[in-house]
Amino acid sequence: MKQRKSPHTLGNKKILSLLIEYSLPAITAMTAMSAYNIIDRIFIGQGVGALAISGLALTLPLMNLGIALGALVGAGSAALVSIRLGEKKEDEASLILGNAVMLNLLLSIPYSVIMLIFLDKVLYLFGASDATLLYAREFMQIILVGNVFMHMYMGLNHIMRASGYPGKAMYITLGTVALNIILAPYFIFILKLGIRGAALATVFAQVIGLTLVLIHFFKKTSYLHFVKGRFKLRLDIIKGISSIGMSPFVINVGVSLIVIVMNLSLVKYGGDYAVGAYGIINSILMLVVMTIIGLTQGMQPIAGYNFGAGNYRRVKEVFKYSVIAGTCVSVTGFILGEFFPVYIAMAFTDNKELIDISVTGMRIVLIAFPIVGFQIVTSNLFQSIGKAKISIILTFSRQIVFLIPALLVLPRMFGLVGVWAAIPFADILSVVLTVYILKIQGNKVFGP
């Protein structure tokens, strides 16, 4: 019989080697997914039109709400699995896997049904105009129908990575992204399906990815696999998954709320093209942020396992390396956005007005970006070791306490420039708070 891969090397292998081993696949996967989103928007901008980019940007709150529910289960269960494996409690890890499957079904199906019923009203509420509603509706109808597959795929892929198979999780993700990139132009340009084609390509690729992940967990040779009778929901496991997964859930709900306020402000102070410009800028932001999140996904099982095992020195070491790498990534994003914004915008559209708005916005939004990597890594560290409340505080403060008030006040003073400036304003304040909390919590995380 083929020997099953064990995650217990997380407790004794060199930290830097482990971080590279676990984060490189996650970074590759997350970067590939973000790159797909960029390419998808380029296809839509060049093949459907500039207003289609604006319509797609209007769907971001709905997309992020769906991702929030998936992250609640996926990230929460993955972190809990890592901690239980670190404690040598394999049976409990198996129960967490079964509960994650059921929770994904219970959350994703009602969300899709409710949003499909009220889709037009929701999109108008989020800032859609008569010119952009059609594009947003056509895209989201397809995405919502396939939402259950996307949720399940995202959740189980998280658990696969956390249970000792980061490389396999990466290859499956890369495969789905590659399929997506191949299908999108075929559906958009050859079959003339427009923005619906982009959505169909996304859902089809996710279904294939989910199939491959399910095959992995049905195999008894996998270290963590499906076991009959372990799919019954347990309240203590639900609470554990929810408490840890609440941080990424709040992050994505906060992002949704921010995008709603942002879109409404952009429509008011800049019109439909300003919304499209934010769609372009957000694509670049997400490429950088998701790369850092991929790094933290590699950090998560290492930090969670060693925290569960009481080896705080190794927790501190993986955090240090992650902060250095995350900062390098955020600085790279800053350089690209500040010095090459025209070329970035031109890749999405040839509409001069949209390009001009995008260039100005990008330079303002990314002005404080070099310090963002530290904040993301630190917030995810607390999530990784089960200190969900602190992670939520850090995330909630940036998304709600700092950014939304800035979005409500600064545009009144500076117009469209104020909308863009609210983002770096919140970034700076959130980093200050993160430094303060890390200072007072350091001994509890890293030991005396």
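How many Å² does the accessible surface of the protein come to, and what percentage of it belongs to carbon and sulfur atoms? The accessible surface is about 17900 Å², and 70% of it belongs to carbon and sulfur atoms. Areas of this kind come from the Shrake-Rupley method with a 1.4 Å probe, and for residues only the protein chains shown count as cover.

A word on the ground rules before we look around. This is a predicted model, in which local features need pLDDT of at least 70 and side-chain atom pairs count only at pLDDT 80 or more, while totals for chains, interfaces and linings use all residues. Residues are numbered from 1 along each chain as its sequence is written, and side-chain values use heavy atoms, with hydrogens and water left out.

## Overall build

The secondary structure consists of 17 helices and zero strands; here helices (H or I, at least four residues) and strands (E, at least two) are DSSP runs, numbered from the N terminus. With a radius of gyration of 21 Å, close to the 22 Å that the globule rule gives for 448 residues, the protein is as compact as a globular protein of that length. That radius is taken over C-alpha atoms, and the globule rule is 2.2 Å times the number of residues to the power 0.38. The C-alpha trace spans about 60 × 50 × 35 Å along its principal axes.

Of the 448 residues, 58% count as buried. Buried means under 20% relative accessible area, exposed means over 50%, and partly exposed lies in between (1.4 Å probe, protein chains only). Among the contacts with a separation of 6 or more, 83% are accounted for by residues 24 or more positions apart; a contact means heavy atoms within 4.5 Å.

## Charges and salt bridges

The protein carries 35 positive and 17 negative side chains, and the centres of the two sets lie 12 Å apart. For this count, Lys and Arg are positive and Asp and Glu negative, with His and the chain ends not counted. The place of a charge is taken as NZ of Lys, CZ of Arg, CG of Asp or CD of Glu.

How many salt bridges does a search of the whole structure find? The search finds nine, a salt bridge being a side-chain nitrogen of Lys or Arg within 4 Å of a carboxyl oxygen of Asp or Glu. The table includes three of them.

| Salt bridge | N to O distance |
|---|---|
| Glu21 and Lys13 | 3.0 Å |
| Arg84 and Glu87 | 3.2 Å |
| Glu317 and Arg313 | 3.4 Å |

Glu317 and Arg313 sit four residues apart in helix α12 (residues 312-339), so about one helical turn separates them. Glu317 counts as partly exposed at 24% relative accessibility, whereas Arg313 counts as exposed at 55%.

Gly304 is buried, at 0% relative accessibility. Leaving out residues up to four places away in sequence, Gly304 touches Ile83 and Ser384. Its C-alpha atom is 9.5 Å from that of Ala162, a residue 142 positions away along the chain.

Asp272 is partly exposed, with a relative accessible area of 21%. Beyond four places in sequence, the residues that Asp272 touches are Leu51, Ser54, Ser129, Ala131 and Thr132.

Buried or exposed: which is Ala68? Ala68, in helix α3 (residues 60-86), is buried at 0% relative accessibility. Neighbours within four places aside, Ala68 is in contact with Phe249, Asn252 and Val253. Ala68 and Ile251 are 183 residues apart along the chain, and their C-alpha atoms are 7.5 Å apart.

## A loop residue with positive phi

Most residues other than glycine have a negative phi. Lys192 has a positive phi, near 60 degrees. This lysine, Lys192, lies in the loop between α8 (166-190) and α9 (195-218), and Lys192 is exposed, with a relative accessible area of 68%.
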